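Subject: Structure handover

Hello,

Please find the structure below. My notes on it follow.

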Amino acid sequence: MTRIDVVDNHGQFTHLEQRALRDMGVDVELIDNTTPPAEIDADGLVLSGGPDIDRIGNSAAYLDLDVPVLGICLGMQLIAETRGGTVGEGEYGGYADVTV
């Protein structure tokens, strides 16, 4: 069975991410972002969101584990910055027009 670790970057939806995977039948464990990379034995990782890039622990080192990684919110921003991208504020600050 596929095992996915959800890395807790102190986001408000981290436990919901873990539960969604568990409800889909995935073998999932929630791990703290201070877990040493050598101790991770998963087929893939989810880097959760969080409040601050300064509180990501070892999350950047997990990108070198040769497993697929999904970044959510702060996790995605970390992937972008680690891989040479930039992250900044948008023009509208979260506002969107939606036409149905």
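This is a predicted model, in which local features need pLDDT of at least 70, side-chain atom pairs count only at pLDDT 80 or more, and totals for chains, interfaces and linings use all residues. Residues are numbered from 1 along each chain as its sequence is written, and side-chain values use heavy atoms, with hydrogens and water left out.

Backbone angles

Most residues other than glycine have a negative phi. C73 has a positive phi, near 55 degrees. C73 sits in the loop between β4 (69-71) and α3 (74-82); helices (H or I, at least four residues) and strands (E, at least two) are DSSP runs, numbered from the N terminus. With a relative accessible area of 51%, C73 is exposed. Here exposed means over 50% relative accessible area, buried under 20%, and partly exposed in between (1.4 Å probe, protein chains only).

H10 also has a positive phi, near 70 degrees. H10 lies in the loop between β1 (3-8) and α1 (14-23), and its relative accessibility of 33% makes H10 partly exposed.

A residue in α1

T14 belongs to helix α1. Its relative accessible area is 1%, so T14 is buried. Leaving aside neighbours within four places in sequence, T14 is in contact (heavy atoms within 4.5 Å) with V6, V7, D8, L30, S48 and G49. With S48, the T14 side chain makes a polar contact, side chain to side chain, at 3.2 Å. A polar contact is a pair of N or O atoms within 3.5 Å; within protein, one must be able to donate a hydrogen and the other to accept it, and residues adjacent in sequence count only if both atoms are side-chain atoms.

Regards
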